[in-house]
Amino acid sequence: MPQPIISLEGIHKYYGEVEPRLHVLKGIHLDVTQGEFVSIMGTSGSGKSTLLNLLGCLDVPTEGSYLLGGKDVSQQSDDELSRIRNEDIGFIFQSFQLIPQLTVLENVQVPLLYGESSIREKEEHCRSILDSVGLSHRLSHRPSQLSGGECQRVAIARSLVNDPLILLADEPTGNLDSKTGQEVLELMDSLHGDGRTIIMITHDQEVALRAQRQVRIHDGLVIEEAS
Amino acid sequence: MISRKKKELLRMGLQSLLGYPMRTVLTMLGVVFGVGSVIAMLALGAGAEKELLQEIGRLGIQNIIINSVEPDQPENNSSSGSSSRRGWINYYGLKFKDHRQIVETIPGIERVLPVHLSKKKAWNGSRWVESTLFAVEPDYFEVFGLEIASGRALSPQDEEDLARVCVVRSGLLQELGIYEDPIGYVLTIEDQKFTIVGVLSEDRFQGYAQKALVADARSSEIYIPYQTVLKRQGTRSFSGSAGSWEATDVELNQIVVEVENLDQVILTSRTIENLLSRNHPEKDYEMIVPLEVLAQRRKTQQVFNIALVAIASISLLVGGIGIANIMLATVTERTREIGVRRALGAQKRHIIAQFLTETTTISILGGVLGIFLGFGLVQILVIFTGWTAVITPISIMVALTISVAVGITSGIYPARRAAALDPISALRHQ
Ligand SMILES: Nc1ncnc2c1ncn2[C@@H]1O[C@H](COP(=O)(O)OP(=O)(O)OP(=O)(O)O)[C@@H](O)[C@H]1O
Ligand SMILES: [Mg+2]
């Protein structure tokens, strides 16, 4: 059995400072190995986004340990968490979260700003990633000039720029019609085919089935679904 | 490597500004006007100081001027201290003895010039002018920088010959109705004839210089050789009208001391003051030290300048508040962008740097435009008011430094607010 790339042990997450605090995650155990494509389902308010934020180091668990690539990241400084997000994690959001005043190419380059390598050095790299998501003809467009599907593909390109350990997607097709949603999912499939580790939240059973492994969050715990 | 990274961050900051060009320009305006008015005020202040320097400089910055003054109650018979009255002769002021003692006892002196004045009528045919006769040594013209417009100044030879020659101001010629070439023209002063050998240009007799030179605005000074007056006429002058007459005897009306070294001027003036106060307990003289006057007037001017700049700075302050205000609004408006950048790996310091880049760029650009505006304002003021204005390199540096400071201080609070945002809620912000 290979070393898991993500290893959650007894993760608890409470919201709020005053009692009664909201107990959202109640002791989650979850291992994800390199190259897995995992979908997370669950009712609204069950804590899917909470879990994904923890995995993405946007937040820290109240209790429990989180090993990412063998490194404990559950109690790191703010700057250290920023660095981990920059180097090891690629985010894909439901609402794309592109920066409106920047062009497609510039949006994809944003993660480079906060890392070691320079934008100039990686210019070709960025272009080829945009090419691989089918947007090489849109480099100098602004997000407002693109369709939803194109925006999401820009966001996916952006998530790949620093070659992260894991890709985290929170309902990536939630804002798209079914056809463009399909295109985005096909893109995710091909990334999985390239050996990427992907964790994707979805409401849609059918979407979830595209993943090789499905988990469900229920009552603050993770339940594996038999596929 | 590091510096290239910084350059990229800088470029990213600038891109955001270009993304909202209208707002950037409007935000900049406050700084533009603020810096413009600071530059203009500094220029006016420097101009006033320059004028002051010129005006007082005419008196000769290395000179000490001592004038005789009539004591407060010359008519009073009660003899107090050393009597200032001999019979009905009004006898006061600087003495030959003072002149001699200054020459003999005060060190570090280049020249000491005696000046005697008398009021005389000057005639040209049937026209006359009440004029002031200045008995001066030839150096007098050089020491005060009086320029000869035509002809020549008085010479040592004139002194030796007790020559009856004179140098006049051009204004006097007009009053006497002399319109042809004045050189060689003969004036009758009292009952003696004096030949005009030189005419002074007028531009030296203005403002403070006029008072210290004991010149008057009517331009009726006539300069004649010191020895001529002393040997031929003496120092006593009479004035009278039907029945009564009065005599005045002032040996020297003015002593001009030129000090060798500029840094000895104040010290020398103190020594002379000591000497004179011993000789003249009744204080029938006044000392004018142009250097001291300059220092005083400068101090006053500087207080005034500071007040001007302080007022101008208020508009700069308002400009800074404008930037802070817009930036705070921008932070709210761009909360999601901040969240995105944080999610993609921006540390707090990156966010701070980004906003500070924006505010300092706005204010530096505003500062540069403000400098141009300042130049324009100064031009307009100079044209419409005729004031002197000088834009110094220092004022430009001051303006730029202030605008950088404004940019940083007005950006720091909004930037910290932006960096303190929680990434998750920032991402969810509508
Ligand atoms: N910052 C927060 N402060 C307090 N409560 C929060 C916060 N974030 C989430 N919650 C609460 O935690 C619970 C889990 O929220 P979460 O966003 O993880 O749900 P979700 O499974 O992603 O739901 P959805 O499918 O609607 O996106 C919800 O009840 C929510 O109200
Ligand atoms: Mg959610």
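This is a predicted model: local features need pLDDT of at least 70, side-chain atom pairs count only at pLDDT 80 or more; totals for chains, interfaces and linings use all residues.
## Ground rules

Residues count from 1 along each chain as its sequence is written, and chains are lettered from A in the order in which they are written. Local features need pLDDT of at least 70 and side-chain atom pairs pLDDT 80 or more, while totals for chains, interfaces and linings use all residues; side-chain values use heavy atoms, leaving out hydrogens and water.

## The sheet in chain A

Chain A has an open, antiparallel sheet of 4 strands, ordered S2-S1-S4-S5. Strands here are DSSP runs of E with at least two residues, and helices are runs of H or I with at least four, numbered from the N terminus. Two strands pair if DSSP finds at least two bridges between them. At the edges sit S2 (22-33) and S5 (71-72) of chain A, each pairing on one side only.

## Salt bridges

Across all chains there are 26 salt bridges (a side-chain nitrogen of Lys or Arg within 4 Å of a carboxyl oxygen of Asp or Glu). One of them pairs Arg342(B) with Asp78(A), closest N and O atoms 3.0 Å apart. Arg342(B) is in helix H11 of chain B and Asp78(A) in helix H2 of chain A, so this pair joins two chains. Arg342(B) is buried at 1% relative accessible area, while Asp78(A) is partly exposed at 31% (buried is under 20%, exposed over 50%, partly exposed in between, with a 1.4 Å probe and protein chains only).

Within chain B, Glu142(B) bridges to Arg111(B) at 3.3 Å. Glu142(B) is exposed at 55%, but Arg111(B) is buried at 18%.
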